[in-house]
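Take a moment to look over the sequence and the 3D structure below. We will then walk through it together, one place at a time.

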Amino acid sequence: MHNIYQNIITSKAKDIKLLAVLIDPDKMKPNQVSNFLNKVHQSIATHIFVGGSNVDDGLTDSLVLEIKKHTKLPVILFPGDVIQITDKADGILFLSLISGRNPDYLIGKQVKAVSKLTKTDLEIIPTGYVLIENGKETAVQRVSETKPIKRSELQLIKDTTKAGELLGMKLIYLEAGSGATHPIEPYIITEVKQQLNIPLIVGGGIRTKAEMESAYKAGADLVVIGTAFEKDESFFNELKNVT
Ligand code: 1GP
């Protein structure tokens, strides 16, 4: 029995902020995992997300197996495609790209995933995935062939995230895209947060502790950071767990 979602809900209720470190199987080799996770464990990170937009078949499975050997943190798949599903993880964000209008990423890939998912013990967490433009084309945009919502379309962003909640999704993920030039603006996070009851994940382009904290302050319950750690592992020093 997993309790990943319940723990997120409990943390939200207690206003304990969560941090997921995103590992892209395309960018990390199994022999780098142990060293990387040592740094993760000294930081305030609470979750490991694993996923990417362009990952070859089989890579995720072997990488997650290695990650699980070295951590007790929950390992959650954040898959860009059905081939990234592996039973070696603890859970999966079962994403629907609700900001886009590509039926494949709204429901098609989810249907294809079912035969794999039902053979696993993964905790499946339905997640409304909302891509917001950040000034340059991101991998999600390219791969999914969808348009992000413009930052200026605040009402559309709010209505899209609320529609996800009303459809029964358990999390909303506000995404600027991996390596985004700038993170989602705090006022957007706040506006979205104010009308949501479910937990809010924010990621994409967060490179400093200040940006992370401003996302939390604006209302993010869980922040996701990938590129900043890939580029410079000393960033973990800024996020040391001092307790
Ligand atoms: C990408 O939100 C995640 O899907 C993390 O983005 O790699 O820019 O931290 P970064």
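Asp24 has a relative accessibility of 12%, so it counts as buried (buried means under 20% relative accessible area, exposed over 50%, and partly exposed in between, with a 1.4 Å probe and protein chains only). Before going on, please note that this is a predicted model, in which local features need pLDDT of at least 70 and side-chain atom pairs count only at pLDDT 80 or more, while totals for chains, interfaces and linings use all residues. Residues are numbered from 1 along each chain as its sequence is written, and side-chain values use heavy atoms, with hydrogens and water left out.

You can find Asp24 in the loop between strand 1 (18-23) and helix 2. Helices (H or I, at least four residues) and strands (E, at least two) are DSSP runs, numbered from the N terminus. Not counting residues up to four places away in sequence, Asp24 touches Gly51, Gly52, Val55 and Glu230, where contact means heavy atoms within 4.5 Å. A polar atom of the Asp24 side chain also lies 2.9 Å from the backbone nitrogen of Asp26.

Now move to Ser11, which sits in helix 1 (residues 4-13). Is Ser11 buried or exposed? Its relative accessibility is 12%, so Ser11 counts as buried. Leaving aside residues up to four places away in sequence, Ser11 touches Ile16 and Leu18. Ser11 and Asp221 are 210 residues apart along the chain, yet their C-alpha atoms are separated by 8.1 Å.

Thr46 belongs to the loop between helix 2 (33-41) and strand 2. With 23% relative accessibility, Thr46 counts as partly exposed. The side chains of Thr46 and His47 are joined by a polar contact of 2.9 Å. A polar contact is a pair of N or O atoms within 3.5 Å; within protein, one must be able to donate a hydrogen and the other to accept it, and residues adjacent in sequence count only if both atoms are side-chain atoms. Thr46 also touches Leu18, Leu19, Leu73 and Pro74, again not counting residues up to four places away in sequence.

Next come the aromatic rings. A search of the whole structure finds seven aromatic pairs. Rings of Phe, Tyr and Trp (its six-membered ring) pair if their centres lie within 6.5 Å; planes under 30 degrees apart count as stacked, over 60 as edge-to-face and the rest as tilted. Why is the pair of Phe49 and Phe78 tilted? Their ring centres are 6.2 Å apart and their planes are at 45 degrees, so the pair is tilted. Phe49 lies in strand 2 (residues 47-50) and Phe78 in the loop between strand 3 (75-77) and strand 4 (91-97), so the pair ties together parts that are 29 residues apart in sequence. Phe49 counts as buried at 1% relative accessibility, and Phe78 counts as buried at 8%. Phe229 and Phe236 form a stacked pair, 4.0 Å centre to centre with 5 degrees between the planes.

Finally, look at the ligand. Of the 14 residues around the ligand, Glu175, Gly179, Gly205, Gly226 and Thr227 come nearest (a residue is near a molecule or strand if one of its heavy atoms lies within 4 Å of it). A polar backbone atom of Gly205 is 2.8 Å from an oxygen atom of the ligand.
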